[in-house]
Number of protein chains: 2
Amino acid sequence: MQEAINVGLCGLGTVGSGVVKILENHKRDIVHQVGCPIEVKKILVNDVNKKRDEAVDSALLTSNVEELVEDPEIDVIVEVMGGIDGTYKVLEKALQNKKHIVTANKDMMAVYGAPLLQLANENQCDVRYEASVAGGIPIIRSLTDGLASDRINKIMGIVNGTTNYILTKMMDEGRTFEDVLEEAQRLGYAEADPSSDIDGIDAARKVSLLSTLAFSMPVDLSDVDVRGIRGMSYDDLAYAEQLGYTIKLLGIAARGEDKIEMSVQPTLVPHSHPLASIKDEYNAVYVYGDAVGETMFYGPGAGQLPTATAVVSDLMDVVKNIRLGVTGRSSVNPQYQKNLKELDEVFSKFFFRLEAEDEAGTFLAITSEFAAHDVSLDKIIQMPKGNDKTAEIVLVTHQASRAQIDDILKKLESLSVIRGIHSYYRVEGEEEQ
Amino acid sequence: MQEAINVGLCGLGTVGSGVVKILENHKRDIVHQVGCPIEVKKILVNDVNKKRDEAVDSALLTSNVEELVEDPEIDVIVEVMGGIDGTYKVLEKALQNKKHIVTANKDMMAVYGAPLLQLANENQCDVRYEASVAGGIPIIRSLTDGLASDRINKIMGIVNGTTNYILTKMMDEGRTFEDVLEEAQRLGYAEADPSSDIDGIDAARKVSLLSTLAFSMPVDLSDVDVRGIRGMSYDDLAYAEQLGYTIKLLGIAARGEDKIEMSVQPTLVPHSHPLASIKDEYNAVYVYGDAVGETMFYGPGAGQLPTATAVVSDLMDVVKNIRLGVTGRSSVNPQYQKNLKELDEVFSKFFFRLEAEDEAGTFLAITSEFAAHDVSLDKIIQMPKGNDKTAEIVLVTHQASRAQIDDILKKLESLSVIRGIHSYYRVEGEEEQ
């Protein structure tokens, strides 16, 4: 038997315990595949005396990070403790000491991904972070390996399980956003402070990581145009349904020639589109390649064992590289300079839901604004509200630029016949890519 | 610039031309990723004088295989010409001459996969065959890399595009099998001799390749229990629909403890299951992992550029390995001995469609046979046929073994009240795995 590769595990929460379990439960298969045992030598925790459910040898626990990053016998640091700045400092030190990194930390990667990969290259170390995007779905290696020969033109992903759970329940059970959110919090699917999920920030982090890889272009989190689902109305979902669409919180990254766009926003997709059928807390990433056409990767976006599966698969990859003596070669520097589309270069169809005076001329006044901006309409519903003299008007445009839509929104707001603009969302998945 | 890696391309049909196109069109991105150019040095064709649409330098063409496998400057053989025994001989020679192999040939791999990989190991060569299963979907590397740390318990795949196209059209347009098959042949989606597709043989080859990888067990094509869709009735699809199911031709490979089962057969899946929504010629592979849970990989299962994408991604992988000096390490010998389940160990729900006398006692006689074999019923439809004194009876059982079902079938055939057993199919995707 070959000598073991030693791991320093940072964090023994949900995912960390999952990593320990998988390394234990699948030990025999793992040894067969990588050719040597993988041993957890030290585990960094906040409190070594805390009662734990898991059967972990307490001699492995330490609250002193030096015992991991300064131990010459530790080959790989597996980081599943979360945190951004402090965690980056730990990993920076680890890389300087020639330790490879496997991390599930999208927050840290979205901010420090570029310098971390750079430092890894300088030290001939591997950095792997499959678990940071879409949990158990091997999307990062599908982009870097499986579709490596293709030119990726667009990615649309349901990459946040909490918001997909909320939208599924709202639609299937006819419930309000607030009601479902509260339930999700009670069941532990949503955090006590749910902002990162429902405001789209978590999804934006994943979009920035996927874009960097898919387009070989360095991007920043702040380059992603973000709108979450906070306070979304059931009526939006119901009208979308009536028009043949499902609303999903989609992360979108697209390339046109040499410029890219990135956004996270509630988006209508036709019922027939594979993304429309992704339910509950599941994730899915739809990829449009120049040559391959349309592919989709579906699975659990979070959860202890799915995430730990991704971490341990990454770890096995690193261990294979260590044994072959080829670490530090896997990451490729971005090939292109950052080049973002302007708002008049970002095109899609749009859905609008408006409340207006129910009187002669209203409809003409509204549609005239669209015509004046050269935006034509694909679908229209007008429904009297009954109780007072107002009507609900729902429109879906043909392709329009984001700049055109912003202009139209401003004009509509100032129209006297309009009582309110309830919502407007992007519409995707209908045109040929 | 580093020296180029030279490729010998065997075959310049649909996929071969696609490989040439992708290597040309994505040249810049490919060089950036692998660090050197990839050049096609020779192309093996049947007839060097044949008129070709593609802009291929005619000086590259040869009909003499020696010019590829004996050329010391050729590093990799890309085999996209099809064929089984003769093709294996070519690749055997290539490996003996230390050339790496990338192939899209499932027919050859299903028969000669094991000796080919063995010979590759002995010669420190790589063999890659992603394109041989589900075209553009990177399912092989998802099993070997992305889900490497997990224990795969079951795979269910729509891995034949032609039959999925036929079933989709039959269902959506209410047409007969024969009618849609003829159209598919006219459109080039089905071969003039469609047996390999519609009798399930093509799917069986893919199931055997996936099983070997997923379960780390050597299997033979003949171990797969195969039933295709030839002559399937629209009524089967319609009754399944009425009960909430879609019929798909599924390749199934499952492990229970240390034994496995493999089959290809028409299978009912509930409408809500992601496999039910895979339309037309698309492929999808649903994977149940011990830790990851349920994941699905979706995309084009065939076609020039999707298949060529998989081939070129494999080629890039091999080129990276050559440059790192680590070829011949990627394939792992099967870990387990072959161990197949007996028919009384293969369980699932089953769908039956029978025609019976429409008279008192018929229904009791039929259901008694199920009860006598300890098989309970989940769903039942009985419909008088109107024209004569017969009724159509459609049943879905709870879990039963294949042996129980075979016994019941024999008994039903001998029942005097039964006019005919129209069909019986497996039902999957409802139980917790």
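Contact is taken here to mean heavy atoms within 4.5 Å of one another. On that basis, in this predicted model, 100% of the interface residues of chain B are also interface residues in chain A, so the copies meet through the same surface. The geometry of the pair was examined by superposition, given that two copies of a chain are related by a rotation about an axis and a shift along it.

Attention then turned to strand E13 of chain B, which spans residues 347-357. Ten of the eleven residues of E13(B) are buried, so the strand is largely enclosed by the rest of the structure. Strand E17 (residues 418-427) runs antiparallel to E13(B) and is joined to it by eight bridges, and here B:Phe350 has B:Arg426 as its bridge partner. Strand E15 (residues 390-397) is likewise antiparallel to E13(B), with seven bridges between them; in this pairing B:Glu357 stands opposite B:Thr390. Strand E16 (residues 400-401) is also antiparallel to E13(B) and is connected to it by two bridges, with B:Phe347 facing B:Ser401 across the pair. In a regular strand the side chains alternate between the two faces of the sheet.

Helix H13 of chain B, comprising residues 362-372, has as its buried residues B:Thr362, B:Ile366, B:Thr367, B:Glu369 and B:Phe370. These residues cover an arc of only 145° around the axis, which puts them on the same side of H13(B). Such an arrangement can be read against the geometry of the α-helix, which has 3.6 residues a turn, so residues three or four places apart point the same way. On the other side of H13(B), B:Leu364, B:Ala371 and B:Ala372 are exposed. The buried residues of H13(B) pack against E13, E15 and E17 of chain B, and also against strand E14 (377-384) and helix H14 (402-414) of that chain. Just after H13(B), B:Asp374 adopts a positive phi of about 65°.

Key: Residues are numbered from 1 along each chain as its sequence is written. Chains are lettered from A and ligands numbered from 1 in the order in which they are written. This is a predicted model: local features need pLDDT of at least 70, side-chain atom pairs count only at pLDDT 80 or more; totals for chains, interfaces and linings use all residues. Side-chain values use heavy atoms; hydrogens and water are left out. Buried means under 20% relative accessible area, exposed over 50%, partly exposed in between (1.4 Å probe, protein chains only). Helices (H or I, at least four residues) and strands (E, at least two) are DSSP runs, numbered from the N terminus. Two strands pair if DSSP finds at least two bridges between them. The arc is that of the directions from the helix axis to the C-beta atoms.
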